[in-house]
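Student: Please take a close look at one part of this model. Keep it brisk, and give me the cut-offs as you go.

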Amino acid sequence: MIQPKIFIETLNRHGIDFFTGVPDSLLKDICAYIQDHIDSRHNIITANEGGAIGLAAGYHLATGKIPVVYMQNSGEGNIINPLASLTDKEVYNIPVLLIIGWRGRPGIHDEPQHIKQGKVTLPLLETMGIRYQVLSKDEATAETQIAAAVDEMRATNEVYALVIEKGTFETYQLQNVISNDLTLSREEAIQTVASSIGAADVIVSTTGMISRELFEYRTLCQQSHERDFLTVGSMGHASQIALGIALAKPERRVWCFDGDGAALMHMGGMAILASKQPENLIHVVFNNGAHDSVGGQPTVGLSIDLPKIADAVGYQHTFSVSDKDSLQRAVSTVKDLSGPVLLQVCVKKGNRKDLGRPTTTPIENKEAFMHFLKD
Ligand SMILES: Cc1ncc(C[n+]2csc(CCOP(=O)(O)OP(=O)(O)O)c2C)c(N)n1
């Protein structure tokens, strides 16, 4: 395995000193090492992976240096457009080193949302004409691969990818842990909202722990999962799924359980949601200021005023709470209001260590949900 320190120092030796991207659980140790050792002007977590390509391109234009964009392979979709129309050799020909965590690698067990992406990870790079190497787990070989990648980028000015398999990096424990002083846990907040919604209401929950915690809550209460659409992949799109349902089923109350990282990822969706004025939509954002599901790397969630943004784009009502009593009161209030409503619930980072994963398949989830919506 490769020590994160060796990996980053090797990049530094090749003159690479700028890192941007969206964190990934496979790259957790690398992201933690970068967070501890690279200053905040040279390590920027972007809203989505496409934004990271833009930022990296800007850094290259200003410095002539090669920047790094780190991401989970789920983010490949978000970078296709800037790769094809910005960095590509037939457009501006800008070198960027991509570091891509390979979830769903064929032959390795992974969750359903990673299977397809895992299969197409390398073919997508090939289609885009991007040279790549799967990084060796042997340090010396990896150093040679990095040198070859840098030589290639210097010679051609083209994008190059290092694809990272599970278990490539040694564990690195984050030193500068940024904790918020909030006390309400996300799981308790989810349970508080889920236990008070109407019997005919539905929930669209976002990617990561939020859907897992909601699923476990239903199991704990011996309830079925038919009222919940678990957006296990497609990060950042839960609010638009909720909007689609809310507009087509105006008699149903639709709750979107979002994360701050996910809401930020495609924040423009909030403006579109508000422009349609769905009276029956309540957008709940569990804001822990972190990408908690992939290692707790920071987002700007708690340093921006999300309710103010929602207000500015046209949500009818906004609330922000950070304790259970206020949350309970807010939930009973919003049930009588005409939406769209934004309810921000500020929560602490972290999750239960024994948290399970959905045991139903996405197709089963979809079919049960559609059946429930029909009645
Ligand atoms: C396009 C895309 N990029 C990255 C990921 C990896 N990923 C899964 S969950 C997650 C963090 C979600 O953070 P947030 O919405 O704030 O919820 P939290 O985990 O903090 O509850 C990330 C980055 C992904 N699934 N899809």
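Tutor: A residue is buried under 20% relative accessible area, exposed over 50% and partly exposed in between, using a 1.4 Å probe and the protein chains only. The model is predicted, so local features need pLDDT of at least 70 and side-chain atom pairs pLDDT 80 or more, while totals for chains, interfaces and linings use all residues. Numbering starts from 1 along each chain as its sequence is written, and side-chain values use heavy atoms, without hydrogens or water.

The part is helix H8, residues 209-220. Helices are DSSP runs of H or I with at least four residues, strands are runs of E with at least two, and both are numbered from the N terminus. H8 has twelve residues. From first C-alpha to last, H8 reaches 16 Å, close to the 16 Å expected. That expected span is 1.5 Å times one less than the number of residues.

Now its burial. Nine of the twelve residues of H8 are buried, so the helix is largely enclosed by the rest of the structure. They are Met209, Ile210, Ser211, Arg212, Glu213, Leu214, Phe215, Tyr217 and Arg218. An α-helix has 3.6 residues a turn, so residues three or four places apart point the same way.

What covers them? The cover includes helix H7 (186-196) and strands S7 (202-205), S8 (228-230), S9 (254-259) and S10 (281-287). Cover is counted by contact, meaning heavy atoms within 4.5 Å. Just after H8, glutamine 222 takes a positive phi of about 55°.

Follow one of the covering strands, S8 (228-230). Asparagine 365 is in contact with Asp228, Phe229 and Leu230, among others. A polar atom of the asparagine 365 side chain lies 2.8 Å from the backbone oxygen of aspartate 228. That is a polar contact: a pair of N or O atoms within 3.5 Å; within protein, one must be able to donate a hydrogen and the other to accept it, and residues adjacent in sequence count only if both atoms are side-chain atoms.

Asparagine 365 itself lies in helix H14, residues 362-374. Its relative accessibility is 7%, so asparagine 365 counts as buried.
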